[in-house]
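Please look over the following model with its charged pairs and its pockets in mind.

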Amino acid sequence: MSIILDEIHRVVGDGGLLRGSDVSSRPTSWVDPTPNTAMAIIRPTSTEQLSRVMKICHRHDQVVIPVGGGTGLVNAVCASSDQLLISLERMKSIENIDSAGCTMTVEAGVPLQTIQEVAAENSLLFPIDFGARGSAQVGGAVATNAGGNEVLRYGMMREQVLGLEAVLADGTVISSMNRMLKNNAGYDLKQLFIGSEGTLGIVTRVVLRLRSALASKSTALVAVDEFGKIPTLLKTLGSALGGTLNSYEVLWHSYYKLITDAHPDRALPLANEYPFYILVESCGADQVSDKARFEAVLESAFESELIIDAAIAQSEKQSAEMWAIRDDIETLLQQMVPLVGFDISIPIQDLDKYVGIVRDKLEEKWPGDARIVTFGHLGDSNIHLVISVGPDTPAREKTVMDIVYQQVSRFDGSVSAEHGIGLDKVDYLHHSRSEDEIALMKTLKNALDPKGILSPGRVFQL
């Protein structure tokens, strides 16, 4: 092992190779605070350095695990003492902003929040947004095809990537830095790396698609008395707001009550007595006219009994307070320990039935002890389940996962909406992908990484 590290050290220098306590002082991930056990952390400063590092690792059959900001939730970046972590945290340059073409070219280690802020300074918008924006790196977001709060309007990370550069397992650099919306010249190779979780190559640079900044924002928290009205309200708002609907976040009563009860000093936008709450946000071009239309649409929904109560934010502060309830994952985790969390997609019309079946099966297995909290983006079919059923044991966790994912399969849903498969969901991929699909995935893996040194065991087992 020392031979490999000596060779790598000659490429990346002192600052590019962390060992010993410099490794163990870092947590394994955001959700796993235990000391990192990797043999070393390699921190290249350029695609060229990473290419040379990967050639060394390929020659020695050395396993490497790419890691971004460590904010993933599927146990994808843990490394054993004989494995190397590759971090692009020193590759954080914003190389170019093309205001006319609405693109930004960045290195993979740039945090999402930095991209958002720089885009805003140039009257542009980068729409991928979620709670870990300050830590999550764009390379990791590309590798996992991240989503977030505005997928309903702008799509997943895949829709924001025009071009990228990646280093393959053998050190080959694939540079496909396209900056155009239209380019049908052969295979769209960037798609191989978006969402592949670092198993086919390590993304080093990205050309991002930006949008024009929006001048208006209207936010409201509304209450609904039955689930059947939620898809109808979504369709109504989408049509009446003329394509300006950004977010449609649904909070089951279990989530809203848990979060608000934990903060009795926090002013409630709405009483915590309703079955469902929806955080609605619309963004457009004119604050005055957009606000008037937003309020008129909600008033019409109230008159037609699609909603039974509503609070419209009258300031940026009130909007932030509403979002703070939706984004208070820290309180959720504290209140539900020990827990098992899920990120799944189910066709919208089946979501409430699905949640009911899961709840019934948990109650049947653990009568009186099962707790389930539900919330999510829902406008894009994505919900999160947080489940607690008592003592935290591997056997209980597996039983809970079996219940949740078996029902996902029943409704033709996805076991992963936006966080990927990692190591945690490998045994459940077959609930969402056919044997032929998984076989093709393995064919691609074997073609691009025949030695299996890039993130082995993630997504599927070879």
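**A buried histidine, salt bridges and a pocket**

His-58 counts as buried because its relative accessibility is 19%, where buried means under 20% relative accessible area, exposed over 50% and partly exposed in between, with a 1.4 Å probe and protein chains only. This is a predicted model, in which local features need pLDDT of at least 70 and side-chain atom pairs count only at pLDDT 80 or more, while totals for chains, interfaces and linings use all residues. Residues are numbered from 1 along each chain as its sequence is written, and side-chain values use heavy atoms, with hydrogens and water left out.

His-58 belongs to helix α3, residues 47–59; helices (H or I, at least four residues) and strands (E, at least two) are DSSP runs numbered from the N terminus. When neighbours within four places in sequence are set aside, His-58 is in contact with Ala-169, Asp-170, Lys-451 and Ile-453, contact being heavy atoms within 4.5 Å.

Side chains of opposite charge can pair when their charged atoms come close. The structure holds 22 salt bridges, each a side-chain nitrogen of Lys or Arg within 4 Å of a carboxyl oxygen of Asp or Glu. One of them joins Asp-98 and Arg-179 at 3.5 Å, N to O, and this pair links distant parts of the chain, with Asp-98 in strand β5 (residues 94–98) and Arg-179, 81 residues apart from it, in the loop between β9 (173–176) and α7 (190–193). Arg-179 counts as partly exposed, at 47% relative accessibility.

Another salt bridge brings together Arg-266 and Asp-328, whose closest N and O atoms are 3.4 Å apart; here too distant parts of the chain are linked, since Arg-266 sits in the loop between α9 (253–261) and β14 (276–284) and Asp-328 in the loop between α11 (316–326) and α12 (329–336), 62 residues apart. Arg-266 is partly exposed at 25% relative accessibility, whereas Asp-328 is buried at 11%. In Asp-188 and Lys-190, which meet at 2.8 Å, N to O, the aspartate is partly exposed at 38% and the lysine is buried at 10%. Arg-26, Arg-43 and Glu-89, for their part, are linked in a network of salt bridges.

By class, the lining of the second largest pocket has 13 nonpolar, 12 polar and six charged residues, with Ala, Val, Leu, Ile, Met, Phe, Trp, Tyr, Cys and Pro counted as nonpolar, Asp, Glu, Lys and Arg as charged, and the others, Gly among them, as polar.
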